[in-house]
Amino acid sequence: MTDQPMMKRYGMAALFAIITCIVINSSCHTPTKEEKGKALADKYCSSCHLPVSPALLDKETWTKHVLPAMAPKLGIKVWSVDQYYPPMSGDKPGVISINEWTELVAYYQQFAPEKLTPVKPPVPLQHDWSIFSLKSPEITDTNIVSATTMVSFHPADGGLLTSDGLSSKLVRWDKNLHIINSWMLPSPAVNVLYTADSTGKQQAILTEIGNMRAVDAPAGIISRLNLDDPKSRQSDLMPFLKRPVQTLEADFDKDGLMDLLVCAFGHNQGGLYWLKQLPDHSYKQESIWEVPGAIHAETGDFNHDGYTDIMVLFAAGNEGIWLFENDKKGGFKSSNLLRFPPLNGSTSFQLADFNGDGKPDILYTCGDNADYSMILKPYHGLYVYLNEGDNNYRQAWFYPVNGCTKAVAADFNQDGKLDIAAIAFFADFQHNPGEKFIFFEGGNKPLTFTPHSPPVEKEGRWICMDVKDYDHDGDLDIVLGNYARGFLILDDYKPNWKEYQPFIVLQNNTKH
């Protein structure tokens with residue numbers, strides 16, 4: 001009887017010894033170089049954005065461009081990945097030690113591929129006109145260089161509104177693509193919101209970016225212009241914004257006055273702003289989120305509580321889509337819906353129901369390549385994320401398009417199925433110029449498409465697009481804006497498109 005407690009004691013001791021040995025052996029595991037590098041990337045990179053796998057870029061791009069650009073953000077003063085300098089007075093304090101930085105650099109040098117492998121599209125491009133035909137404006141001076149920053153079908157008369165990034169000129173065209181009038185702006189317009197005053201005169205709320213290049217100068221303006229008066233001058237609604245790119249209209253506080261929502265992309269600074277309209281019809285700027293990268297927003301009552309909410313794509317560093325729910329008290333509560341690696345270069349999104357379940361899904365594009373990693377990337381293109389409820393979205397479709405810039409989902413051919421029109425400003429001009437514009441014809445099953453590439457690759461290089469029934473025949477037409485020169489990422493490549501042509505119209509012939 002006295003031996004049983006002793007046996008239990010020795011049994012427990014033996015079990016404790018076994019557990020101790022397991023713990024000791026586990027703690028003695030020496031991390032590999034890959035594990036140590038990944039741990040450092042997770043630790044230091046995740047403070048600004050999603051950690052990035054070495055596989056997303058080639059060795060040369062990592063070591064000659066991206067890592068030297070990222071070093072100062074971690075407090076490392078660096079001329080190259082092989083020469084390090086400690087921070088000087090006024091620099092950002094060191095976040096990472098030299099030893100850890102060296103290990104981090106070695107991680108990307110060792111595990112990045114020599115070259116990225118292109119992705120083969122699931123369905124090859126069909127090089128045909130599909131349902132479209134080409135209409136071009138008559139241009140008499142072919143020596144000019146077009147830098148179109150905005151194209152917009154006018155909703156009232158079927159004409160067009162365009163803006164140029166070199167001249168900062170705003171031009172109004174009639175439905176026959178002849179110039180009606182033009183105005184000189186302080187900076188290029190990149191977005192227009194059409195409204196009307198109390199007398200019914202057409203007004204344009206213009207988003208003027210200030211500077212097309214990545215700077216933090218507060219030169220952007222939200223302004224109003226009377227489009228029916230050729231001598232009208234713009235009135236500023238909100239000046240001194242950092243590279244605003246979009247303005248929307250909504251009554252966020254339900255006071256009967258239409259407010260404005262502004263996406264100010266900025267560079268290192270920027271934000272999402274609510275311009276609250278006051279009783280005297282001036283605007284008070286209130287910050288919703290003071291971070292750079294706001295590039296596109298959609299408004300709607302997403303939580304069905306009777307108040308207008310906001311969904312926004314941010315595209316600088318910490319890329320992703322956030323939902324801002326109206327708290328009914330003059331503020332918003334944010335939640336993240338999707339996050340993307342910073343190398344995606346997010347460019348646009350749209351809400352559309354792709355599977356017919358009554359819930360809005362997300363059509364997302366990425367392909368901005370005017371940064372530190374100016375190479376073609378196989379993960380650039382179009383994505384569809386299906387809405388699974390409770391703010392959960394699942395990737396269900398991807399089509400690779402180098403440098404994809406914008407996509408619009410709509411039933412273009414009137415067959416009851418969603419199609420997609422897409423442009424790519426940073427397309428593979430040398431090997432696949434047809435991807436500059438692709439029309440994805442919807443198939444019989446959800447998320448099946450036949451991609452068509454009309455032969456318009458030599459007409460221009462498309463940076464902006466608008467979709468409306470401009471000729472009022474019952475089907476949707478497309479206008480593409482030509483930013484003909486600059487921002488090229490291919491060495492020794494000579495453009496072969498028309499540099500003088502500001503835009504083209506792809507006229508939809510479905511109803512003809």
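The side chains of E286 and K284 form a salt bridge, with N and O 3.9 Å apart; the term requires a side-chain nitrogen of Lys or Arg within 4 Å of a carboxyl oxygen of Asp or Glu. Both partners are partly exposed: E286 has a relative accessible area of 22%, and K284 has 44%. Partly exposed covers the range between buried (under 20% relative accessible area) and exposed (over 50%), computed with a 1.4 Å probe on protein chains only.

The model is predicted; local features need pLDDT of at least 70, side-chain atom pairs count only at pLDDT 80 or more, and totals for chains, interfaces and linings use all residues. Residues are numbered from 1 along each chain as its sequence is written, and side-chain values use heavy atoms, with hydrogens and water left out.

The structure holds 16 salt bridges. One of them joins E103 to K36, with the closest N and O atoms 3.7 Å apart. E103 sits in helix α4 (residues 98-111) and K36 in helix α2 (residues 33-45), so this bridge ties together parts 67 residues apart in sequence. Helices here are DSSP runs of H or I with at least four residues, strands are runs of E with at least two, and both are numbered from the N terminus. E103 is partly exposed at 35% relative accessible area. K36 is partly exposed as well, at 38%.

A further bridge pairs E499 with R485 at 2.6 Å, N to O. Both residues lie in the loop between β29 (477-482) and β30 (503-508), so the bridge ties together parts 14 residues apart in sequence. D157, R172 and D228 are linked in a network of salt bridges.

The overall fold was examined next. The protein has four helices and 30 strands. Its C-alpha trace spans about 105 × 60 × 55 Å along the principal axes. Of the 512 residues, 48% are buried. Contacts (heavy atoms within 4.5 Å) were also sorted by sequence separation. Among those between residues at least 6 apart in sequence, 51% join residues at least 24 apart.

The domain assignment of the protein gives domain 1 (33-111) and domain 2 (132-508); such bounds come from an automatic or database domain assignment. The domain centres, taken over C-alpha atoms, are separated by 33 Å. Domain 1 gives 14 residues to the contact and domain 2 gives 13. The size of an interface is often given as the accessible area lost when the parts come together. Domain 1 and domain 2 bury about 1100 Å² between them, with 75% of it on carbon and sulfur atoms. This buried area is the accessible area (1.4 Å probe) that the two parts lose on being put together, summed over both. On the side of domain 1 that touches domain 2, nine residues are nonpolar, three polar and two charged. Nonpolar here means Ala, Val, Leu, Ile, Met, Phe, Trp, Tyr, Cys and Pro; charged means Asp, Glu, Lys and Arg; the others, Gly among them, count as polar.

Zero salt bridges run between domain 1 and domain 2. One residue pair is in polar contact across the interface, with both residues at pLDDT 80 or more. A polar contact is a pair of N or O atoms within 3.5 Å; within protein, one must be able to donate a hydrogen and the other to accept it, and residues adjacent in sequence count only if both atoms are side-chain atoms.

Helix α3 (residues 59-70) has K59, T61, W62, T63, V66, L67, P68 and A69 as its buried residues. At the start of α3, a side-chain oxygen of D58 comes within 3.1 Å of the backbone nitrogen of E60.

Two strand residues were examined in detail. H296 is in strand β16 (residues 294-300). At 19% relative accessibility, H296 counts as buried. A polar atom of the H296 side chain lies 3.3 Å from the backbone oxygen of F349. Leaving out residues up to four places away in sequence, H296 touches Q246, C263, M311, V312, L313 and F349.

C464 belongs to strand β28 (residues 462-468). C464 is buried, at 12% relative accessibility. With residues up to four places away in sequence not counted, C464 touches T148, T149, M150, V151, I423, V479, L480 and G481. C464 and T148 are 316 residues apart in sequence, yet their C-alpha atoms are 7.9 Å apart in space.
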